[in-house]
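Colleague: I'm new to reading models like this one. Can we go through the words you use and see where they come from?

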Amino acid sequence: MERRLSAILAADVVGYSALMEQDEAGTFDRLRAHRKVLFEPEIEKHHGRVFKLTGDGLS
């Protein structure tokens with residue numbers, strides 16, 4: 001049996017609903033850009049993976 005250590009990161013954007021109401025396309029683009037620059041390199045560095053994206057949530 002192979003065992004793997006798991007850690008779960010739950011991130012939430014403050015004011016996401018209001019930001020989406022003001023500029024849905026721009027907010028989505030900025031969120032995606034920040035995720036690629038800030039989160040994905042760290043996740044890859046630790047051999048992790050994203051298994052769920054929900055609006056402003058990342059799991």
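**Pockets, burial and charge pairs**

Modeller: Let's begin with the second largest pocket: helix H1 (16-22), H2 and strand S2 (57-58) each supply at least two residues of its lining. This is a predicted model, where local features need pLDDT of at least 70, side-chain atom pairs count only at pLDDT 80 or more, and totals for chains, interfaces and linings use all residues. Residues are numbered from 1 along each chain as its sequence is written, and side-chain values use heavy atoms, with hydrogens and water left out.

Colleague: What makes a run of residues a helix or a strand?

Modeller: Both are DSSP runs numbered from the N terminus: a helix (H or I) has at least four residues, a strand (E) at least two. H2 covers residues 24-45, and Arg35 sits in it.

Colleague: And what makes something a pocket, with a lining?

Modeller: Take a 1 Å grid over the protein atoms alone: a pocket is an open set of points with protein on both sides within 12 Å along at least five of seven lines, while a cavity is a set where a 1.4 Å probe fits but cannot get out, and lining residues have an atom within 4 Å of a point. In the second largest pocket, 16 residues qualify as lining, with Val13, Arg30, Leu31, His34 and Asp56 nearest the centre. H2 gives the largest share, six residues.

Colleague: Why is Arg35 called buried?

Modeller: Buried means under 20% relative accessible area, exposed over 50%, and partly exposed in between (1.4 Å probe, protein chains only). Arg35 comes out at 16%, so it counts as buried. Asp12, in the segment before H1, has 63%, so that one is exposed.

Colleague: How do you know that Glu40 and Arg35 form a salt bridge?

Modeller: The term needs a side-chain nitrogen of Lys or Arg within 4 Å of a carboxyl oxygen of Asp or Glu. Glu40 and Arg35 meet at 3.8 Å, N to O, so they pass that test. Glu40 is partly exposed at 21%. Side chains of opposite charge can pair when their charged atoms come close.

Colleague: How many salt bridges are there in the whole structure?

Modeller: Five. One of them joins Arg30 and Asp23, whose closest N and O atoms are 3.8 Å apart. Arg30 has 42% relative accessible area, so it is partly exposed; Asp23, at 34%, is partly exposed too.

Colleague: Where do Lys45 and Glu42 lie?

Modeller: Their salt bridge has closest N and O atoms 3.3 Å apart. At 52% Lys45 is exposed, whereas Glu42, at 39%, is partly exposed. Both are in helix H2, three residues apart, about one turn of the helix.
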